[in-house]
Amino acid sequence: MTEIDHSALDEDLAQSPRLRWWTRLIRLIEGKTTLIRSILFNVLVVLAMIVIVPVILSELASDRVTITSISVPAALEERGLNGTVIGNRLWDAWSKVTDEVKAAKETRDVLPSSQRIEFSIPDSGISFESLIHHVRAFFGRAETRISGELTCVADPCTIENSALRLRIIDKDIHVIDLPPPGNGDINLWFRKAVAEALMFIDPVRGILALRSESETRTIAELRRLAREGHPDGAWALTVAAQLTTDRKEYDRARKLADEALRLDSHFVDALITRAAAELGAGDVAEARKSIAEALRLSPRNAQAYKWRGEIAAHAGDPKAAVTDLARAVSLQPQDIDLHFRLGMLQREAGDPMAAAATFDGMLEIDPNSIIAHQALSLMAIEKGDIAGLVSHKMEIARLAPKDAEAMAQLGNAQLLAKQFDAARASFESAVQLAPAQPTYRLGLGDAALALQDGTAALAAFKDVQRLDPLDRRIQFRLGRALMVLGQTEQAHAAFRSYIEAFPQEPDATIARALIEAQPAGSSN
């Protein structure tokens, strides 16, 4: 650094007093440069510690799973299916499977390696990711890695003809082999792979994801996990108790919850599950005790408040039930199911405006919530809001285009709104999705009848008769269709068959009136 000539500065200062403050500033900076550098360095070190230490601690606390890039044949890469794409497909399947498998236990953080953001210090070769990796290894918290490869087993080399091998690497190495999906659903194939991987990573969810139609076997597998002394044994027994409660086997569910509590006396979810089973069995007093203990151990547990509300509703105290459900919603505001239950209780308590507001709030959380539109449909029916009913049923049908029942419900709403052409189209969609369901053909016939299309109505009603030959109620509609076609004698025969079977029904009165109004042999 060039030495400053203080004598020259003093001479300038004598000539120009206005420069005096510049001289002082220069002298101050010159004398304090080392101190300023030291302060800045220490500030940077402190800031780095504030950022890095919490990140490292949070990473040590987390139970991380990384899906590394999956090796694929060159023929698949040419089609755009490289290892990163396959890894992301597995990640998508993981998210769907863990969302669908209902268990209160938090799932492990999983992310493809391609999605992880790596921070590094430029020109140093040091990255936070490598630092975290070595710190985790030092403390015995190595992350679980999923790797593997696709192998073509037949020509042409496509994903449909590729076998998948996955390796689950944690303290041990587990290998999963899946045969080629062939003509099956590729998405289901990836989900199967994830479910198999969960058996090693999160066995409670793995058992639920792989469960067959036999829940008895699923419950047995969960109990086996507990008997083998797995660390998640209490969870396994609690989930088994939940499934058993759903089957209304309340005494057995209580015993399973008690088994879980013997493994962990402070296991809150087991206490909540036991309360649900006790309430199902009608033992309100014991259910209250179990929930009180759960809230003592976990005062901000949304599910505990939810079940305390259910107990209050069962005991005939709707006001207390609404209060507890509202508390549960405030603790878990993104839980659609809690909002739905609160809205239903508000409706039962005679507060439809609050119920409607709650259901509307569900759509703010998830605009594509089918359960919210179903609830709002119910409110529309009760208010006589046919336009609102059609609107919500249309949304449900849009969100579930392959659901025949959703299409049929839309058709029924459109019939009420006298939108007969639209109703006919909706019932046609329902029939295409479920051709063996007679009620959908019944709706199709009603829409055609409303449009005075006797030929289409008669064909639909005859299909109903063919699918359900023992139901003589169809005779009334057959008579109506035959009347539209001018086939009076056949219509009267159908009406008489209906009157004979159901003489006290309102439609029997209509049938008698139609016979009297249009005698046999007359024209329309």
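The buried residues of helix α17 pack against α15, residues 336-348, α16, residues 352-365, and α18, residues 386-399. Keep in mind that this is a predicted model.

Which residues of α17 are buried? They are Ala372, His373, Ala375, Leu376, Ser377, Met379 and Ala380. As background, residues three or four places apart in an α-helix point the same way, because there are 3.6 residues a turn.

Now the length of α17. The helix covers residues 370-383, which is 14 residues. At 1.5 Å a residue it should span 20 Å, and its end C-alpha atoms are 20 Å apart, so the two agree. After α17 comes glycine 384, with a positive phi near 75°.

Next, the strands. β5, residues 144-152, and β6, residues 162-169, run antiparallel and are joined by 8 bridges. On its other listed pairing, β6 goes with β7, again antiparallel, over 6 bridges. β6 and β7 make a hairpin, with 3 residues between them.

What about the two faces of β6? Leu164 sits on the covered face, along with Ser162, Leu166 and Ile168. The uncovered face has Ala163, Arg165, Arg167 and Ile169.

Valine 175 lies in β7, residues 173-178. Is valine 175 buried or partly exposed? Its relative accessible area is 43%, so it counts as partly exposed.

Terms used:
Residues are numbered from 1 along each chain as its sequence is written. This is a predicted model: local features need pLDDT of at least 70, side-chain atom pairs count only at pLDDT 80 or more; totals for chains, interfaces and linings use all residues. Side-chain values use heavy atoms; hydrogens and water are left out. Helices (H or I, at least four residues) and strands (E, at least two) are DSSP runs, numbered from the N terminus. Buried means under 20% relative accessible area, exposed over 50%, partly exposed in between (1.4 Å probe, protein chains only). The expected span of a helix is 1.5 Å times one less than its number of residues. Contact means heavy atoms within 4.5 Å. Two strands pair if DSSP finds at least two bridges between them.
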